[in-house]
Amino acid sequence: MKRFFQQFYLLLLFLFLYAPIFTLMLFSFNADKSRVIWHGFTLDWYAELFRDSTIIHSLYVTLIVAFASALLSTLLGTVAALGIHCMRRRTKGVYLTVNSIPMSTSDTIMGVTFMLLFAMLMLEKGYLTLILAHTTFSVPYVVLNVMPKLRQLDKNAYEAALDLGATPSQALQKVILPEIMPGIVTGAIMAFTLSVDDFVVSYFTAGTTSQPLSVVIYSMTRRRISPKINALSTLLFLAVLILLVIINFRQSRDESHKNAQKPKYQPLKGVEN
Amino acid sequence: MKKYMAYPYGVWMLIFIIAPILLVVYYAFTDKSGALTLGNFTSMLSYTSIFGRSFLLAFAATVVCLLLGYPLAYIMSKQPPRWQNFYMMLIMLPMWMNFLLRTYAWMSILENNGFINQFLQNIGVIRLLNTLLRPEAPIEYLPLINTGGAVVLGMVYNFLPFMVLPIYNVLIKIDKKLIEAAQDLGAPSGAVFRKVIFPLSMPGVIAGITMVFVPAVSTFVISKTLGGGKEMLIGDLIDLQFMGNAYNPQLGSAIALVMMALVFLCMLIMNRFDDGSGEEGGLLL
Amino acid sequence: MKKILALALSALLMTSLTACGGSSDEVVNVYNWGEYIDTDLLQQFEKETGIRVVYNTFETNEGLYSRLQSESYDVVIPSDYMIARMIDEGMLQKLNLDNIPNYSLIDSKYTHLEYDPEQAYSVPYTWGAVGIIYNTKKVDEADTGSWDLLWNPKYAGQTAMFDNSRDALGLTLKLLGYSQNTTDKDELRAAADKIIAGKDNFQGFWMDQILEKLPNEEILIAPYYNGDAVTMMEDNPDLSFYIPKEGTNVFVDAMCIPANAKNIENAEKFINFMCTTEAAAANAEYIGYSSPQREVYEQLDEEIKNDPIHYPGEDTIANGEVFRNLPEEINEYYSALWTEILR
């Protein structure tokens, strides 16, 4: 009986989570503009979606910014983590405290502060400002994913490699990097997802020719709403679904021969503002 | 591996984290001509109701998230491992979709001619209400959208996973032996939960509360989409000063600064309930 | 690691190449009101000139003003009073009308108005009047005629208000019998209080979302611009439009080039293109607003010419007011009142 109630509760909450998304998807096939009354099946909205050059362009912007900021923040964050790991407790504390600021500040405030900064630096809003801003809020997640791996590292391995005649860079490449790689990859994936998903910071830092998808979606919902949005949602949902299934599949394959202690899923800061 | 490897990021943090905050402080204490003033803060006094509303709605959303999310995380942690992964994925999936789209989805559901009201009409609830309550003019729908409740709902919907994930992560790590020990000592299951499981899951609860409250208190899209834009939240107020209808970045900075301070204070109070072991859990999850 | 880096880099390069493929050539960066252009015209302009149009939309004059503080556009289309304010603050540049020959097609009725007396900064795009759109099925005809329909408790929760200070306070000032250009703080205060008193009656404060909410019957009554009323009545024939008896705001929206524009020549070409009879006619037909272009008007059917919704009549104009730019102090007071209304 207790088990039944538990299952029922799960069902109810998943219904709550998914019902809105499914109705959204369903009405992407509606033959009429109405968002609530079904008029028959059509694929017209998908055709219109692909004809909309603004949306297609914004998709490019999103991907470019996500790749660039993920790359930059992974590099910056990994190197920083290596450095921070060697620091004395006090400096380490300072670094980690400042590092945690972007994670605990709300996106609205971060967006506003970036806007003021770029205005002062006379940087025109565009790809550069977007990438700088996204990198800044992504690095902390990379650092915090790499640091625990460094702590787990056997200190003697590095020393041993040096004693055996490896140069420091060789030791880094052959001994340390492979060990901390899972942390780096997780960090990179998180940075990428954070960037793709961000709206608020982009809203304050995107230029006119470099509006990412989320900003374009925002301005679409502020006008007469076209079911194009529903079509877009459906495609995004399917893309994410496929991605997650792949990641999940790979992860469970990895885990089968490696009993990792870390929680399997990193909650991504999927929602901003 | 040398500590100087962290210096580039140190410089980066100085430029992109520290400097912007100082800039906000500078703007908050100056007027349009650049002269020092406290005027931004005094004129903010008339907006206390906005602060009150934001904190109230965010608080309500956090409480609802906790009430809904804790049982969810708890039940999930009791499922067989294979299913746990599946459920986790189900919770993650909506989070990866753009949150503007998720919020927009609720519009069609809550609108006066939306799905809920259509449903209520079709099963006769609206007619029943009209015959029972006999309002002056017969109602055709329940006003659901553009209310404070709709805003809270939007927050709960968007931020619920933030509550579930950290709690779940802590719950699955609780040492089963502790629970068994309590049971062996004759504690009824309610007491086991109250005295053992719940206290041990506190770090996750604190992390969850923080992760729901901070974005909820500063949101400016949910209130616009589901709240009708009638009653602003702090996020709207800030947006209004920087990008909206009342350009005044100085005032906007002052509001942002006060909000930062208030949120920081809230988090400080929250962490009082925590014995410190959860700190890492909150950040790393 | 190297592999991943290389992969990421090549992916990055690939996407940036495809994305930037078109950006090395000529662009014009246009910033317009939402729902305010026939988007086919943009493609036509691109085809004719080879200039790519980057098109973005704003919701309110005040929002445009805020955005221009930190962003650069080549063509913007503000309303009269905002143009005056921008001229005052040096945010616009003088136009070289020699490069915009089609300017001569603009009816002189709409040029050299108070907001730009020399007609040095702007080329009129549309003109129109604000009125009330209501649902004839649900709203009693006897209740219509005045601005106070928005406050009528019979329709509580089913009306809407403008989501910008000037339009919202403007119509309320008219309702109270004051000038829309008043600089009397007491009058403005009274108007703000009137709006605050009506907040329970309004379902929300909106701009272009009204174009969806009225035809979908989510609300029954809303104030909006006559051109959009035409569009909405096409979507839902039960809607009707009237100009309230207290008088209203008559506006001209005009194309301008901001001081920080980067592609001035392309901006001139764009403005010139939008003034051609062909483009202006197609645009007017599509967005439903009244065109200030002489030939466009002459081509119209008598029916449309005499339709007060398409082309508000002389009486509306005579009884109406054009927004003037206000002193800075009053502009700030507007901002403060607006924030107070929404608090």
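**Exercise 1.** In which loop of chain C does His112(C) lie? Describe its backbone and classify it as buried or exposed.

Solution. 
- The model is a predicted one.
- Step 1, location: His112(C) sits in the chain C loop that joins helix H4 (80-88) to strand S4 (122-135).
- Step 2, backbone: the phi of His112(C) is positive, about 55°, although this residue is not a glycine.
- Step 3, rule: most residues other than glycine have a negative phi.

**Exercise 2.** Carry out the analysis for Asn146(B): where is it placed, what is its phi, and is it buried or exposed?

Solution. 
- Step 1, location: Asn146(B) belongs to the loop of chain B between helix H7 (125-133) and helix H8 (148-171).
- Step 2, backbone: Asn146(B), not a glycine, has a positive phi of about 60°.
- Step 3, surroundings: the cut-off for a buried residue is 20 or more other C-beta atoms within 10 Å. Asn146(B) has 29 C-beta neighbours inside 10 Å and therefore counts as buried.

**Exercise 3.** Describe chain B as a whole: which secondary structure does it have, what box do its C-alpha atoms fill, and what percentage of its residues count as buried?

Solution. 
- Step 1, elements: chain B contains 15 helices and zero strands.
- Step 2, extent: along the principal axes, its C-alpha atoms fill a box of roughly 75 × 70 × 30 Å.
- Step 3, burial: 47% of the 285 residues of chain B count as buried.
- Step 4, contacts: among chain B contacts with a separation of 6 or more, 75% are between residues 24 or more positions apart.

Notes: Residues are numbered from 1 along each chain as its sequence is written. Chains are lettered from A and ligands numbered from 1 in the order in which they are written. This is a predicted model: local features need pLDDT of at least 70, side-chain atom pairs count only at pLDDT 80 or more; totals for chains, interfaces and linings use all residues. Helices (H or I, at least four residues) and strands (E, at least two) are DSSP runs, numbered from the N terminus. A residue is buried if 20 or more other C-beta atoms lie within 10 Å of its own, exposed if 12 or fewer, and partly exposed in between; C-beta atoms are placed from the backbone. Two residues are in contact if their C-beta atoms, placed from the backbone, lie within 7 Å.
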